[in-house]
Amino acid sequence: MFFLKGDSVNMAPNSIHWFRKGLRLHDNPALQEAVRGADTVRCVYFLDPWFAGSSNLGVHRWRFLLQCLDDLDSNLRKLNSRLFVIRGQPANVFPRLFKEWKISRLTFEYDSEPFGKERDAAIKKLAMEAGVEVIVKISHTLYNLDKITELNGGQPPLTYKRFQTLISRMDPPEMPVETLSNTIMGCCVTPVSEDHGDKYGVPSLEELGFDIEGLPSAVWPGGETEALTRIERHLERKAWVANFERPRMNANSLLASPTGLSPYLRFGCLSCRLFYFKLTDLYRKVKKNNTPPLSLYGQLLWREFFYTAATTNPRFDKMEGNPICVRIPWDKNPEALAKWAEAKTGFPWIDAIMTQLRQEGWIHHLARHAVACFLTRGDLWISWEEGMKVFEELLLDADWSVNAGSWMWLSCSSFFQQFFHCYCPVGFGRRTDPNGDFIRRYLPILRGFPAKYIYDPWNAPDSVQAAAKCIIGVHYPKPMVNHAEASRLNIERMKQIYQQLSRYRGLGKNFTIFFCHAVFFPLACFPGYHHMPDTGHSSGLYRCNVSHDMAGPQHSGNRHRNVYCMLHEYHTVNITYSLYIPIYNILCGVQQATCCTQEEVLQVRGSESRNEILTVKMTLSPPLTSYNGKLQRSRRFMLPVGTSRVW
Amino acid sequence: MKRGQKGGDDAEEGPGAPELCKRLRQDDSEDGAVDWRLLPEEILLQIFQYLPLLDRAFASQVCRGWNQTFHTPELWRCFEFELNQPASSYLKATHPDLIKQIIKRHSNHLQYVSFKVDSSTESAEAACDILSQLVNCSLKTLGLISTARPSFMELPKSHFISALTVVFVNSKSLSSLKIDDTPVDDPSLKVLVANNSDTLKLLKMSSCPHVSPAGILCVADQCHGLRELALNYHLLSDELLLALSSERHVHLEHLRIDVVSENPGQQFHSIKKSSWDAMVRHSPKFNLVMYFFLYENEFGPFFGDEVPVTHLYFGRSVSKEVLGRVGLTCPRLVELVVCANGLRPLDEELIRIAERCRQLSAIGLGECEVSCSAFVEFVKMCGGRLTQLSIMEEVLVPDSKYGPDDIHWEVSKHLGRVWFPDMMPTW
């Protein structure tokens with residue numbers, strides 16, 4: 001007995017797997033779902049040729065993407081399949097594809113970014129209307145980001161330390177799934193027409209309207225195959241060094257390395273989970289089964305941190321209307337911005353980095369710190385949003401969340417920093433690469449300068465400039481700012497802004513001069529904020545900030561209250577409560593607070609409501625006696641019911 | 001507009017508030033609805049003080065009574081003019097009509113005024129225009145704040161000076177004046193002194209290139225109530241310190257000095273130890289805050305003799321040698337920030353600082369290097385008095401004794417609280 005395809009009720013589905021990020025066949029759970037039990041599968045990628053020309057992605061990013069798609073196509077060919085590059089917008093084209101290909105299942109990787117979530121919701125709706133089942137899987141991040149936020153009481157964590165604490169309380173990430181193979185494909189096939197190349201082929205850069213004359217070959221070739229070669233090399237080198245610390249910066253680390261992975265993680269040519277578990281295995285092998293420290297995964301966790309912070313914040317890439325971003329009166333100065341972006345600042349260290357970025361699409365993370373600091377709080381006082389846009393165009397691994405988050409961080413616009421410290425555009429480079437080879441490589445015009453002057457050629461005597469065949473002010477620009485003066489001004493400005501912020505929060509009076517006090521998250525992070533009168537318990541200093549979330553999520557009969565308690569050190573803190581909560585179950589309670597770092601969220605949860613006024617007196621006391629050298633994991637505290645109870 | 005300043009008003013609150021509430025309640029009509037007309041003005045005023053200006057303005061349109069309260073002088077004592085141009089700033093400006101209205105109706109009520117000005121010359125000019133119209137007011141505090149580049153410096157000096165002197169002449173009781181990065185000059189300071197010498201308590205004038213050491217000396221000589229002063233190093237002189245420590249002078253609380261090099265190889269004068277000693281004798285508790293933005297080779301005249309500095313900030317690279325001298329010459333040091341240093345670890349220097357600076361309670365290290373064991377030793381010596389300890393992760397160089405993973409336990413143990421190094425994102 002046989003049945004006709006498509007006519008039976010029990011028919012196997014026809015699937016589409018929609019590639020966006022996650023451009024890989026290994027560890028791709030959504031792709032596996034597309035194939036599972038399916039009759040046909042088609043892997044699609046949407047490109048809008050009109051958008052390509054007008055978008056602000058630079059040619060390097062486009063080339064990287066096209067190389068990824070080429071690689072994906074050739075790997076799919078090995079499985080008798082192909083990649084379908086569709087010209088157009090998903091929302092316009094999907095309905096036609098569903099009909100034409102008789103689709104009943106659509107799969108894609110979960111996108112955590114607000115714009116992506118919105119787009120995906122619209123497509124899901126479209127699909128449902130067309131009777132297409134939609135399967136979404138998380139594989140671009142290690143964790144389910146919503147779980148992290150949930151664990152933090154509904155707010156994304158705002159410090160990396162806090163983030164690490166949350167992560168350490170969660171189960172380890174899921175193992176990567178098997179690579180798509182002929183075995184997994186089973187009887188699932190991809191119908192490919194004669195004219196596939198014309199209709200669905202991967203376009204070239206010229207077809208997208210880029211002028212590729214004189215375009216140097218790619219320093220970072222795109223694609224999953226390259227990514228998998230690199231991760232092996234990356235691990236080999238780590239195994240060879242047998243040292244898992246963050247490598248110390250030197251002149252060499254400034255250059256693109258054949259073991260670099262960040263662009264591959266950005267496009268999902270490399271699974272972060274694969275990277276995670278390979279690192280773990282290697283560590284265990286080398287360090288004889290010791291549990292690896294969180295710092296081993298630094299690069300992956302920072303990425304995760306910013307994705308978490310951004311996932312519920314559609315204005316994460318803006319200053320205005322962004323609840324976690326401090327409003328700083330940045331200067332609008334298009335000429336200065338252009339000088340920075342086009343490597344004409346007159347500071348060789350900055351210009352060399354910006355040239356490398358433009359030519360190769362990647363710069364070392366400390367180099368990013370240097371140019372970001374220079375543009376924003378260090379020297380030019382220009383908005384981080386402008387810098388972020390330039391990075392978005394040029395930087396291969398620039399991701400919406402990570403890019404915006406890092407810029408906010410480096411410009412002191414959000415997250416937590418202790419004191420204002422500017423990278424010197426002369427001294428920082430000199431420390432890293434005293435000889436100046438990096439500068440000579442990217443700014444050949446300065447090649448003739450001796451190491452002594454290569455970071456500040458304007459200070460070189462005329463004779464040295466003449467001998468170097470480069471007169472400053474003629475062949476290479478003079479420095480666009482006086483760094484000493486600019487950093488003096490800017491540090492003062494930052495201090496002013498943060499002092500004002502703290503004052504509004506009642507932190508007032510007792511400032512240290514150079515250090516930022518415990519809290520300076522923008523108000524919006526703390527719903528229902530009100531400042532607490534000085535309790536007099538904190539040795540005269542006023543260093544804690546308590547707010548409660550009056551509008552906390554209310555599940556039926558189950559109220560949650562969050563007490564945000566920001567502490568700088570051990571102090572007695574009074575939390576005076578006049579809420580209607582009867583049973584107090586303090587999660588992550590006292591011991592958490594005594595082991596506090598910068599920020600703690602205590603969650604107070606009650607299960608039924610009764611009108612009571614209750615005073616919670618919380619004494620966070622110290623140190624050496626109770627300190628046993630280990631961070632304790634959260635314990636539960638049950639507080640008895642009663643009025644005016646002192647705890 | 002920010003919330004109005006409440007400082008000082010608390011005393012005027014009076015005991016009547018609860019009483020008034022009760023009255024309001026008793027006056028409730030039968031059906032339990034509150035008659036808002038009966039809301040006493042005192043309470044309305046209290047409420048208005050907590051509202052942003054825009055909300056107050058909306059509320060003022062409710063009825064004549066509320067409108068009257070809106071114009072109560074108390075609500076207009078404190079005002080912050082924000083002057084921004086769309087071409088040079090992302091932030092909104094105070095509406096010109098509001099400015100006009102304030103000048104017309106409330107200029108005599110203004111007491112605490114600040115101007116926040118963006119980087120454009122137009123904005124600085126607008127600020128001067130407003131200043132020169134403040135003829136019938138008596139300000140207590142005035143702040144001219146450049147939020148981006150120092151735009152007051154781009155104005156014609158005479159224009160700026162004539163606007164500023166309007167305030168000096170008309171306000172006979174100025175107590176705080178913040179005029180950093182402006183073209184204020186000696187003659188205008190003389191006007192200030194002539195009119196406000198009895199009341200002036202705070203003067204901040206970092207980076208005012210038109211003021212000479214003689215100009216600031218005149219202020220110190222005459223204004224005996226001066227408690228806080230901020231200026232650049234080139235204005236600091238032995239005479240100035242002696243004037244500030246004269247018998248008639250109140251105790252100084254805060255002296256901030258910015259040491260900025262305008263061009264490489266610049267020579268800096270030095271201050272006699274005897275002048276500093278006189279200062280400390282006169283004001284034993286004063287804070288001396290010094291910001292250094294110098295090249296490494298310009299530190300010659302500094303830290304040779306003992307300096308009563310309490311807060312030290314090195315904004316550019318500072319040599320090992322100078323930091324070594326800091327340990328020897330700064331016994332009053334409380335806070336220290338080193339943004340950058342050369343390539344050799346700062347081990348002995350830090351330990352010496354821990355040994356000699358017995359009041360050190362805060363330290364921040366940026367691009368420096370310290371070996372882990374020296375750092376642990378430093379923390380052990382200082383112990384719990386280090387309330388601020390922010391060290392960038394890269395600063396700590398692992399050695400045979402401590403690796404990056406155990407250092408934070410060791411340091412936490414000595415501090416008596418959990419401590420971690422500061423981290424910057426790896427991207």
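**Group meeting talk: a walk through a predicted model**

Residues are numbered from 1 along each chain as its sequence is written, chains are lettered from A and ligands numbered from 1 in the order in which they are written, and side-chain values use heavy atoms, with hydrogens and water left out.

As for the overall make-up, chain A has 25 helices and 13 strands, these being DSSP runs numbered from the N terminus, with helices as H or I of at least four residues and strands as E of at least two. Of the 647 residues in chain A, 60% are buried, and here buried means under 20% relative accessible area, exposed over 50%, and partly exposed in between, with a 1.4 Å probe and protein chains only. The accessible surface of chain A is about 26300 Å², and 54% of that belongs to carbon and sulfur atoms; the areas come from the Shrake-Rupley method with a 1.4 Å probe, and for residues only the protein chains shown count as cover.

His234(A) sits in helix 10, residues 224-241 of chain A, and with a relative accessible area of 13% it is buried. Leaving aside residues up to four places away in sequence, His234(A) touches Thr259(A), Leu261(A) and Phe275(A), and its side chain reaches the backbone oxygen of Thr259(A) at 3.0 Å.

Lys21(A), by comparison, is found in the loop between strand 1 (14-19) and helix 1 (29-35) of chain A, and at 16% relative accessibility Lys21(A) also counts as buried. Which side chain does the side chain of Lys21(A) meet in a polar contact? The partner is the side chain of Glu113(A), at 3.5 Å, and a polar contact here is a pair of N or O atoms within 3.5 Å, where within protein one must be able to donate a hydrogen and the other to accept it, and residues adjacent in sequence count only if both atoms are side-chain atoms. Beyond residues up to four places away in sequence, Lys21(A) has several neighbours, including Glu109(A), His140(A), Arg266(A) and Asp399(A).

Asp399(A) brings me to the annotation, because UniProt, in an unreviewed entry, lists Asp399(A) under "binding site", along with others including Gln299(A), Trp302(A), Glu304(A), Phe306(A) and Asp397(A); such positions are given in the numbering used here, feature names are shortened, and annotations may be inferred rather than shown by experiment. From this set, Gln299(A), Trp302(A), Arg303(A), Asp397(A) and Asp399(A) belong to the lining of the second largest cavity. A cavity, on a 1 Å grid over the protein atoms alone, is a set of points where a 1.4 Å probe fits but cannot get out, and lining residues have an atom within 4 Å of a point.

Glu304(A) lies in helix 13, residues 298-310 of chain A, and at 0% relative accessibility Glu304(A) counts as buried. A polar atom of the Glu304(A) side chain lies 2.7 Å from the backbone nitrogen of Tyr143(A). Phe306(A) has its place in helix 13 of chain A and is buried, with a relative accessible area of 1%; its contacts, not counting residues up to four places away in sequence, include Trp409(A) and Phe415(A), and also Pro425(B) from chain B.

I close with backbone geometry. Ala343(A) has a phi near 60 degrees, a positive value in a residue other than glycine, and is found in the loop between helix 14 (334-341) and helix 15 (348-360) of chain A. Cys412(A) likewise has a positive phi of about 60 degrees although it is not a glycine; Cys412(A) lies in the loop between helix 18 (400-410) and helix 19 (427-432) of chain A, and is buried with a relative accessible area of 2%.

Key:
Predicted model: local features only at pLDDT ≥ 70, side-chain atom pairs only at ≥ 80, totals over all residues. Contact = heavy atoms within 4.5 Å. 1 Å grid on protein atoms, 1.4 Å probe; cavity = no way out; pocket = protein on both sides within 12 Å on 5 of 7 lines; lining within 4 Å.
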